[in-house]
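Dear colleague,

My notes on it follow directly after.

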Amino acid sequence: MMKAFGYEQNGGPEVFQEYEVPTPQIKPNQILIKTEAFNLNNFEALQRAGKFKPTDHRIIPGRDVAGFVEKVGEEVTGFDIGDRVVAHGHHSYAEYSIGEDSNTVLIPSGVPYMAAAGIVTPGLAAYKGVHLFGKVQPGQTVVVKGASGGVGSLAAQIALDMGAKVIGIGSSANEEYVKSLGVEKYVAYDKEDPSEVLADTADVVIDAALNGNGAESDVQIVKDGGIIASVADNDAPTDKKVAFNHIHPTQKISDDDALNAMLKLMAAGKLKIRIGYKLPFSLDSVIKGHQLLDSKHAGRIIIAK
């Protein structure tokens with residue numbers, strides 16, 4: 001048996017309960033992970049609130065988990081019991097969770113569990129946003145909207161490492177943080193209008209702003225013939241030839257390839273994730289973490305042992 005945190009009805013953070021449930025049984029292609037840290041995401045807050053579909057059964061949420069290998073399915077190779085791993089797994093709000101051989105990777109030494117857990121969901125969107133949806137090339141000018149957020153901050157660093165010139169957009173409160181990541185040019189939208197300052201400058205716009213000023217400014221900032229890769233799925237009318245690519249889950253770049261690449265950068269000190277809150281492994285922490293998700297917060301919210 002194991003401890004897990006979940007809910008049986010939609011509502012605010014207080015719907016979470018603590019359960020004693022059977023430790024998961026793994027399939028041949030799966031890995032049982034003993035949880036050391038898990039990351040909270042906006043998706044889980046929306047799911048809990050019933051924004052997707054009403055809940056009619058018990059849900060143990062969570063995708064982002066770091067810990068060590070407890071058991072390995074018979075088809076899985078390359079993992080030993082006790083290995084430190086991170087996964088884009090399933091039901092991670094629990095003492096044990098499940099990864100698959102396609103979405104679980106070894107954590108390099110020197111990378112803490114919390115940092116590894118914190119990059120999973122935002123990192124997969126950022127990495128695939130830069131490489132697949134943004135098709136970023138060395139030497140290009142990349143404008144990242146929401147550059148201080150989870151997805152934006154990682155996308156900016158990944159593009160910088162590739163040799164792109166990165167310009168960040170965000171609030172003036174976050175300028176110092178974004179510049180600390182190596183981004184030299186920053187436009188604070190509360191001081192000036194990015195669509196005027198950056199008109200026709202970007203080969204690629206990566207729009208990672210969850211509630212930014214939207215697609216209208218993206219089309220003003222992008223060059224004719226450029227690409228807009230956005231976490232939103234609306235585009236704006238424009239006379240320019242622009243490719244609009246909605247950043248969405250895909251295995252065209254596999255989760256394990258993307259995670260391995262990011263962990264390598266992390267181990268080399270080239271990729272940082274801002275952890276805003278470290279909360280202990282308890283029901284109170286899960287409730288508090290979801291209260292934070294529902295309010296304005298900076299940095300990842302991680303529950304760790």
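Domain bounds, as used here, come from an automatic or database domain assignment. On that basis the protein, which is a predicted model, is divided into domain 1 (2-121 + 254-304) and domain 2 (134-246).

The interface between the domains may be of interest to you. The C-alpha centres of domain 1 and domain 2 lie 28 Å apart, and ten residues of domain 1 are in contact with eleven residues of domain 2. Together the two domains bury about 910 Å², of which 57% is on carbon and sulfur atoms. On the side of domain 1, L271, K272 and R274 supply 50% of the area buried against domain 2, more than any other three residues. The interface also holds one salt bridge and two residue pairs in polar contact, both at pLDDT 80 or more.

A salt bridge joins the side chains of K270 and D161, at 3.7 Å from N to O. Helix α4 covers residues 150-161; its twelve residues reach 17 Å from the first C-alpha to the last, close to the 16 Å expected. Ten of the twelve are buried, among them V151, L154 and I158. After α4 comes G163, with a positive phi near 95°.

Finally, L293 is located in helix α9 (residues 283-293). Its relative accessible area is 10%, under the 20% cut-off, and therefore L293 counts as buried. Leaving aside residues up to four places away in sequence, L293 touches L40, N41, N42, A45 and I301. L293 and L46 are 247 residues apart in sequence, yet 9.5 Å apart in space, C-alpha to C-alpha.

With kind regards

Note on methods
Residues are numbered from 1 along each chain as its sequence is written. This is a predicted model: local features need pLDDT of at least 70, side-chain atom pairs count only at pLDDT 80 or more; totals for chains, interfaces and linings use all residues. Side-chain values use heavy atoms; hydrogens and water are left out. Helices (H or I, at least four residues) and strands (E, at least two) are DSSP runs, numbered from the N terminus. The expected span of a helix is 1.5 Å times one less than its number of residues. Buried means under 20% relative accessible area, exposed over 50%, partly exposed in between (1.4 Å probe, protein chains only). Contact means heavy atoms within 4.5 Å. Buried area is the accessible area (1.4 Å probe) that two parts lose on being put together, summed over both. A salt bridge is a side-chain nitrogen of Lys or Arg within 4 Å of a carboxyl oxygen of Asp or Glu. A polar contact is a pair of N or O atoms within 3.5 Å; within protein, one must be able to donate a hydrogen and the other to accept it, and residues adjacent in sequence count only if both atoms are side-chain atoms.
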